[in-house]
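Please open the structure in your viewer and keep the selection tool at hand.

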Amino acid sequence: MTAITALLGSSRPNRWGPLGTTAAIVILAAVALSVLGPALSSADPNASDFASAYAAPGAGHPLGYDGQGRDLLARLLTGSRTSLLGPLWVVALSMAAGTIIAIAAAWVGGWLDSVVSAALDVVFAFPGVLLAMLVAAVFGPGLSAAVLALSVAYVPYIARLLRSAALAERRKAYVQALEVQGLGAVAICLRHLVPNLIPLIAAQATLFFGYAMVDLAIVSYFGLGVQPPDADWGVMVAGGQSGVLQGYPAESLLAGGCIVVLVVAFNVLGERLSDGSGQGGTFGPSRWWRPRRGGAA
Amino acid sequence: MNDLLRISGLTVRLPLDGEMRTVLSDVSLSIAAGEAVGLVGESGSGKSMTARSIVRLLPPGALVEGTIRYRGNDVPSLRGQRLRDLRSSVSMVFQDPRAHINPVRTVGDFLTEALRVNQRVARREAEGRAVRVLDEVGVADGPRRLRQYPHELSGGLLQRVMIAAALLTEPHLLLADEPTTALDVTTQAEVMAILDELRRERGLAMLFITHDLELAAAVCDRTAVMYAGRVMEIRASALLHDHALHPYTAALAAARPSLERRAERLVTTPGRPLSAFEAPDGCPFSTRCPHVRQRCHDERPDLRPLDGGQVACVRAEELAVSHD
Amino acid sequence: MTDAILEVEGLRKNFGEATAVRDVSFSLPPAGALAIVGESGSGKTTVARMIVGLERPTAGRVTACGRDRSQPARSARERRDRGGQVQIVFQDPYSSLDPRQSPAAAVEEVLRLHTRLDRGRRRARVAELADLVGLDERQMAALPSRLSGGQRQRVAIARALAAEPRILILDESVAALDVSIQAQVLNVLADVRERTGVAYLFISHDLAVVRQVTDDVVVMRHGAIVERGPTDRVLDAPEHPYTQLLRASVPRPGWQVPKTR
């Protein structure tokens with residue numbers, strides 16, 4: 001059976017299914033749009049033309065205007081950059097910190113493991129959004145403060161999961177054989193442990209990308225993240241609220257829709273990846289009838 | 001025919017990696033009432049799959065051909081109550097008792113559940129029967145054991161609980177799938193002794209699945225040897241080790257080191273055991289057999305009677321002659 | 001016994017309140033083969049893990065190649081030196097190899113650690129070791145998921161031998177293999193010992209396999225040694241009741257299932 005788990009460890013695209021593949025395409029498309037952004041819309045996202053406030057779509061402005069007479073398409077495209085870059089930073093920072101903490105705790109064990117577990121439990125107590133808002137209130141609003149605070153808040157979730165995976169990996173015969181060989185702990189971790197955790201790390205990173213996107217949008221919505229007039233989907237949802245009341249819901253709906261579609265896509269892909277990593281947790285009964293690859297045991 | 005169980009021409013295909021793959025090919029085997037039959041083979045030989053076919057515990061999507069008759073009833077067509085009757089008349093004991101007992105329920109719950117739910121026996125009565133059966137399999141202090149949880153019991157003890165559970169439905173046939181493989185040698189001997197005794201006292205028939213030729217020989221009347229989803233040989237157990245009819249059986253016996261003396265080197269067979277879907281067209285063992293001839297590649301030998309047993313090897317007669 | 005290559009004296013291991021190993025002493029001569037026989041819970045695997053440094057002894061001494069290794073290594077150099085003295089092959093063929101590393105890469109990694117061979121010589125040595133355990137070039141280049149259990153254990157043996165250890169511990173290394181594959185690996189072990197002069201500490205519950213591989217045996221029960229001697233003597237005429245029980249429990253032609261009541 002171990003052989004099968006090892007086999008599944010290599011997550012291949014064809015195991016994602018149609019839904020997973022769609023999710024991957026949606027994400028890729030969003031990334032492409034945000035990179036190409038300025039090339040796709042000639043309008044300046046920050047130029048207001050109050051005469052065009054809430055104007056309907058027209059030539060050169062396929063999505064129309066917001067309440068301040070700014071081109072909606074241009075703002076959505078520009079906003080996609082902060083809305084994708086923010087979560088990217090959160091994921092990169094929290095994944096890096098979480099992985100290092102998890103592996104250190106799993107490898108050294110003993111007192112370090114206890115201290116780390118206790119510290120993680122303390123951070124666990126704070127919901128990410130709350131922590132981000134607290135930090136913004138103390139150090140002033142802005143994207144970097146929110147990113148940093150969310151990163152810290154996510155570390156316990158990532159570290160806890162990776163710690164148990166790293167612990168399981170560390171107990172495997174091949175890791176112990178390398179220890180007996182006299183290879184140093186750092187070398188074993190970098191060359192063997194981390195590469196074998198990558199499918200799991202990738203799956204978690206994808207899932208948390210979605211969470212971070214929602215959380216950052218919430219923070220920006222409350223005016224503590226990205227600051228107007230900079231475009232950001234969270235800011236746009238908030239900015240469009242007055243329009244909703246006046247019967248022009250386009251800005252809030254479009255920005256909110258972008259967030260929802262991408263978050264769902266990241267969640268779906270994350271689920272598929274963690275199914276493939278063999279440690280996702282949502283597993284059916286073990287498939288005892290499958291013969292081992294390569295036959296003999 | 002007074003056979004309790006009669007399997008003929010059983011072929012099973014399973015969906016594996018998106019393809020239908022043969023795991024059992026033309027298996028024929030019978031067990032008389034009260035008889036112990038060993039089923040020996042290496043991984044991929046199909047020995048467990050054979051047992052699971054008998055109680056209809058095949059994975060979803062399995063395609064079954066051939067006939068399985070238990071006391072004259074056609075097993076594949078049984079439904080509802082008739083299928084439940086079959087499963088209480090044919091009990092199964094698995095290799096890893098821990099994987100087959102719910103860890104959060106007590107031993108008592110595990111033992112009495114089937115009786116109380118299927119046969120509507122009152123709890124007190126069911127527990128009384130459970131205690132009596134536990135005593136029969138050598139577990140003393142039954143009432144206390146019933147209140148214990150699986151993790152409080154050793155592997156050997158837990159396997160006896162499994163056997164007790166199998167006996168509670170008063171079966172006529174016991175399918176034992178490597179019941180002692182996970183146990184220590186001394187515990188294995190105890191469990192085997194209990195199985196042997198039960199069989200004699202209750203007139204129970206048994207299909208005993210194992211990878212250990214000598215263990216099968218020690219406890220079974222006849223032994224079938226499987227390779228790549230096919231039966232290679234069926235023979236009186238006493239004759240199997242020293243007078244094997246099939247080259248594969250001989251190879252299996254020779255590969256196992258002797259407890260009595262050290263060999264300079266063991267006699268080995270090149271390659272590894274194959275699964276049915278990997279086996280070549282002719283004789284499945286032809287790619288590894290030391291006695292192979294061209295016709296072994298050309299035709300697939302059927303199981304045929306020889307010397308009181310059955311064998312699927314075209315050269316069985318000449319090889320038997322040259323051995324003696 | 002100063003000429004022993006491995007010397008274990010008064011070894012003890014407590015896990016909390018429980019004592020897993022108590023007062024275990026034995027020695028292994030160069031190129032010898034000593035079996036530790038016992039059932040689950042006998043402490044035999046804990047002894048092996050203490051010798052290779054995966055567990056720390058509560059008390060007692062382990063000396064390999066004349067050097068004490070009862071305490072954790074203090075330097076990277078010492079850790080490596082110890083790896084060059086004693087190696088181990090574990091039981092489970094499926095977790096014994098890094099799923100992302102080909103056998104050739106795994107063996108080469110060990111050669112880089114323990115030798116100063118250049119790239120070409122390392123490659124030649126990998127081929128030599130593969131030949132020694134009976135693996136071909138294609139198998140050495142495959143990912144572990146493409147290899148059978150027996151092939152994986154051969155890789156584990158080759159990887160262990162790459163460090164050119166004087167002592168190889170085999171912890172139930174053939175127990176999980178099919179009978180026909182087990183025979184192949186047992187022959188490989190006999191060839192390796194003949195050709196390299198490595199000494200085996202062979203941990204097993206299987207008396208027939210122990211007879212085939214080892215010269216001497218110690219029998220362990222509940223963490224302590226109950227009998228010791230040349231393998232042939234202990235198996236032919238076991239003295240301790242527990243050894244006698246072990247011997248009688250092995251199924252064999254003409255075996256009568258022991259009566260329990």
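The model is predicted. Begin with helix 3 of chain C, whose buried residues pack against helix 7 (173–181) of chain A as well as helix 4 (119–133), helix 5 (137–141) and helix 6 (149–162) of chain C. Select residues 103–114 of chain C to display helix 3 itself: it has 12 residues and reaches 17 Å from its first C-alpha to its last, close to the 16 Å expected at 1.5 Å a residue. Next, colour its buried residues, which are C:P103, C:A104, C:A106, C:V107, C:E108, C:E109, C:V110 and C:L111.

Now display the contact between chain C and chain A, to which chain C gives 34 residues and chain A gives 24 residues. On the side of chain C that touches chain A, at least two residues each come from helix 2 (76–83), strand 6 (86–89), helix 3 and helix 6 of chain C. Helix 2 of chain C gives the most, with 5 residues.

Finally, turn to chain A and select helix 4 (residues 110–124) and helix 6 (residues 143–170). How are these two helices of chain A placed? They pack at an angle of about 130°, and their axes are 9 Å apart. Helix 4 of chain A is therefore oblique to helix 6 of chain A. The crossing of helix 4 of chain A past helix 6 of chain A is left-handed. Show the side chains where they meet: A:L120, A:V123 and A:F124 from helix 4 of chain A, and A:V152, A:A153, A:V155, A:P156, A:A159 and A:R160 from helix 6 of chain A. The residues of this contact comprise 8 nonpolar, no polar and 1 charged.

How values were computed
Residues numbered from 1 in each chain as written. Chains lettered and ligands numbered in written order. Predicted model: local features only at pLDDT ≥ 70, side-chain atom pairs only at ≥ 80, totals over all residues. Axes fitted to C-alpha atoms, helices over the stretch in contact; angles between N-to-C directions. Helix = DSSP H or I, 4+ residues; strand = E, 2+ residues; numbered from the N terminus. Parallel < 35°, antiparallel > 145°, perpendicular 65-115°, else oblique. Left-handed = near helix turned anticlockwise from the far one by under 90°. Contact = placed C-beta atoms within 7 Å. Nonpolar A, V, L, I, M, F, W, Y, C, P; charged D, E, K, R; others polar. Expected span 1.5 Å × (residues − 1). Buried ≥ 20, exposed ≤ 12 C-beta atoms within 10 Å, placed from the backbone.
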